[in-house]
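Reader: I am new to this structure and would like to understand the words used for it. Could you take me through them?

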Amino acid sequence: MTGAVQAGWWGLAGGSALLLGAGLGYGLRVPQKVITTVMAFGAGVLLSAVSFELVGEAYDQAGLAPAAIGTLAGAIVYTLGNLWLSRRGARHRKRSGHRPAQSQPSEDRQSGSGLALALGALLDGVPESAVIGVSLLDGGTVSLVTVAAVFLSNVPEGLSSSAGMKRAGRGKAYVFGVWTAIAAAGTVSAVLGYTVVGAFSPAVIAAVTAVAAGAILAMIADTMIPEAFDDAHLAIGLITVSGFLVSFALSHA
């Protein structure tokens, strides 16, 4: 199996969790406490993976300056894209929609919000998938910790966002069409991460890894944590730390 095919396969594996979460969120009435619990765990998993698998790897390969500059650049690019999409109706794209003021808008309420939500999901998913492909460049073996972190964080993302889409009046075809497209885009992103980024020097690879890390960190703060800590019960902090430690343990197994 070629490296590009492996990258695509692992990218699809990580992205498939979005469809799993979408099925749960759209087909079942999941209690809000469960949604926030799972989202908090996923945020902890991703925070650990970004710290030890992405920023740490970028630092080891190229030093402090490229790692720091790349991480900041990724956060800036993500934030600018998120601001643009938020003004078009995608601000609460990961919200399950139980509060009117923090719910996803319907198309009637804000024209074009459906496309903005889809683009927002794409903005959130591409950096995660790209680093799966990039991880294959280090010895030809994918980082299972990165794949596991993406998978475990994508389940609550698909669950919460799909529940919000359903409450906003969007149909099954739209919901599953969006997440199928994002899973496919994640597969392509992983392949491009392996084939395109792999042609550059280790310093550039490290910088790209750091850029993806910055984008993911900004995404966690902007979209995952607000949903996880909305109506938070007292164990949410502990659950986030548990997710962090699970990912940490996997990275050192």
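**Helices and a buried threonine**

Author: Gladly! α2 passes α5 in a left-handed crossing, meaning that the near helix is turned anticlockwise from the far one by less than a right angle. The model is predicted, so local features need pLDDT of at least 70 and side-chain atom pairs pLDDT 80 or more, while totals for chains, interfaces and linings use all residues. Residues are numbered from 1 along each chain, and side-chain values use heavy atoms, without hydrogens and water.

Reader: What makes α2 roughly antiparallel to α5?

Author: The two helices pack at an angle of about 150°, with axes 8 Å apart. Angles over 145 degrees count as roughly antiparallel, so α2 is roughly antiparallel to α5.

Reader: Which residues of α2 meet α5?

Author: Among them are Ile35, Val38, Phe41 and Glu53 in α2, which meet a set in α5 including Val145, Leu152 and Glu157; contact means heavy atoms within 4.5 Å.

Reader: Why is Threonine 71 called buried?

Author: Buried means under 20% relative accessible area, with a 1.4 Å probe and protein chains only. Threonine 71 has 16%, so it is buried.

Reader: Where does Threonine 71 lie, and what does Threonine 71 touch?

Author: Threonine 71 lies in helix α3, residues 64-90. Not counting residues up to four places away in sequence, Threonine 71 touches Val55, Ala210, Val211, Gly214 and Leu217.

How values were computed:
Axes fitted to C-alpha atoms, helices over the stretch in contact; angles between N-to-C directions. Helix = DSSP H or I, 4+ residues; strand = E, 2+ residues; numbered from the N terminus. Parallel < 35°, antiparallel > 145°, perpendicular 65-115°, else oblique. Buried < 20%, exposed > 50% of the residue type's maximum accessible area, 1.4 Å probe, protein only.
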